[in-house]
Amino acid sequence: MSSLLSLILLLSNINFSTADNPIVQTIYTADPAPLIHNNRFYLFTGHDEDASTTFNMLDWRLFSSSDMANWQHHRSPMSLDTFSWATTQAWAGQVIPRNDKFYFYVPVRHGETDSMVIGVGVSDTLEGPYEDAIGSPLLGNNEIDPTVFIDDDGQAYLYWGNPNLWYVKLNEDMVSYSGEITQVDLTTEGFGTRPEPTEERPTAFEEAPWLYKRDGLYYMVYAGSSCCPENIQYSTGPSATGPWSYGGVVMESASTSSTNHPGIVDYGNVSYFAYHNGELPGGGSFTRSVAVESFEYNEDGSIPVLQMTEDGPEQVAALDPFVRQEAETMAWSEGIETEECSEGGLNVCDINNGDYIKVRGVAFGDGAESFSASVASATDGGDIELRLDSEDGLLIGTCTVVGTGDWQEWTTVDCPVEATGTHDLFFKFVGAGDGFLLNFDWWQFE
């Protein structure tokens, strides 16, 4: 199919369906940090281990989308092993580009001092892998939750804090700073009133600051109120250092997680709010999941109160099935996992009978006639059923996978299909026995 015809079919068949929250179901994720790069929405997250009972996190994860409904899973960009001096607690971080590089500011526990410090990873590419940019902490006195922002004049700021809020001006190299570390004066006029104020925590500010600028106004969004559970609140100011004026509540507390962590960006002509809750099966305060909502600012620039939803934002563009798509790009999944692939990136793994992957808003246009997929199996394989609109929906084709001898021994399978229009596409995996059936790397329709 020619590229022009593909574009025409995509534009004529876009179905503005909604996405799914939480956006990742293969692992538990937390502390989202969105970043728009090359017209794509990237979301860096923390990673809660399965069955966690503390915040002892080991690495960070990365997901991306061009349609705000289907999210590609990427390799882990950075872990505790990146920092030879770090021991535990890979907590909430943020990535920012500068100097043709990407800088990843994260709080981790320092082995020598046993305190939380802020380290900096650096990479030539957004997806990483990131390396230790300094060889030691950038800041080293019980700091957590860094947020980084570069103002219009080129000055970069790093904020962090719990229970107080601090900032420092970063140098252009992004791995050193100049001037004094400044503590923000947390007043009720600037940061609201805590229901039960204490001397240590007098205002609504708790932790997780997120700084950005929009239409000449600076926003400081943060986790607040009585911890825990936390809600999300915000303040605004005329500069990156204030003075701050309290704005109100952005999102009320979740019943499933004692914490929350905000991230706000504009993508296209839509504003998006990223956060976390504990809504997946087995979820809770230490097994959290990232979700995304779209919203519109009020005319005066204030942020409305947002609700947590299962639907998430609208899909902003249809997915093109006539170009190669990664199997780990999905709107929802049941049962499957992902792992590093010998061919690069990730592949879908741990596939059992009855597991499935859903891909939102796939534009088949005037018709798809064949399907191909890269697969591997160290067992006898199984079938990939291609269904429309639900896991038990219209069957448009079945591809049979046989054993390839190893889970990373890849081959391409093909099968005929019949599909037109725009639909949600389900890959349903079917096979005998209780073991894993196959691995799945990429797919494409013709």
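## Cis peptide bonds

Pro 22 sits in the loop between helix 1 (3–13) and strand 1 (28–37); helices (H or I, at least four residues) and strands (E, at least two) are DSSP runs, numbered from the N terminus. The bond that leads from Asn 21 into Pro 22 is cis, with omega near -10°. The model is predicted, so local features need pLDDT of at least 70, side-chain atom pairs count only at pLDDT 80 or more, and totals for chains, interfaces and linings use all residues. Residues are numbered from 1 along each chain as its sequence is written, and side-chain values use heavy atoms, with hydrogens and water left out.

Asn 162 and Pro 163 are also joined by a cis peptide bond, where omega is about 0°. Pro 163 belongs to the loop between strand 11 (156–160) and strand 12 (166–170).

## Overall form

The chain contains two helices and 32 strands. Its radius of gyration, 23 Å, is close to the 22 Å that the globule rule gives for 446 residues, so the chain is as compact as a globular protein of that length. The radius is taken over C-alpha atoms, and the rule is 2.2 Å times the number of residues to the power 0.38. Along the principal axes, the C-alpha atoms fill a box of roughly 65 × 50 × 40 Å.

Of the 446 residues, 57% count as buried (under 20% relative accessible area; exposed is over 50% and partly exposed in between, with a 1.4 Å probe and protein chains only). Among contacts (heavy atoms within 4.5 Å) with a separation of 6 or more, 60% come from residues 24 or more positions apart.

## Surface and charge

The chain carries 17 positive and 68 negative charges, whose mean positions are 4 Å apart. Lys and Arg count as positive, Asp and Glu as negative, while His and the chain ends are not counted. Each charge is placed at NZ of Lys, CZ of Arg, CG of Asp or CD of Glu.

## Aromatic pairs

Rings of Phe, Tyr and Trp (its six-membered ring) pair if their centres lie within 6.5 Å; planes under 30 degrees apart count as stacked, over 60 as edge-to-face and the rest as tilted. By this rule there are 30 aromatic pairs. Tyr 219 and Tyr 234 have ring centres 6.3 Å apart and planes at 25°, so this pair is stacked. Tyr 219 lies in strand 15 (residues 217–224) and Tyr 234 in strand 16 (residues 231–237), so the pair ties together parts that are 15 residues apart in sequence. Tyr 219 is buried at 1% relative accessible area, and Tyr 234 is buried at 3%.

Tyr 356 and Phe 426 form a tilted pair, 5.6 Å centre to centre with 45° between the planes. This pair links distant parts of the chain, 70 residues apart: Tyr 356 is in strand 26 (residues 356–363) and Phe 426 in strand 31 (residues 422–430). Both Tyr 356 and Phe 426 are buried. Ring pairs also link a cluster made of Phe 364, Phe 371, Phe 427, Phe 429, Phe 440, Trp 443 and Phe 445.

## Positive phi

Gln 89, a residue other than glycine, has a positive phi near 65°. Gln 89 is in the loop between strand 5 (78–79) and strand 6 (94–98), and is buried with a relative accessible area of 13%.

Met 174 likewise has a positive phi, near 70°. Met 174 is in the loop between strand 12 and strand 13 (177–183), and is buried at 0% relative accessible area.
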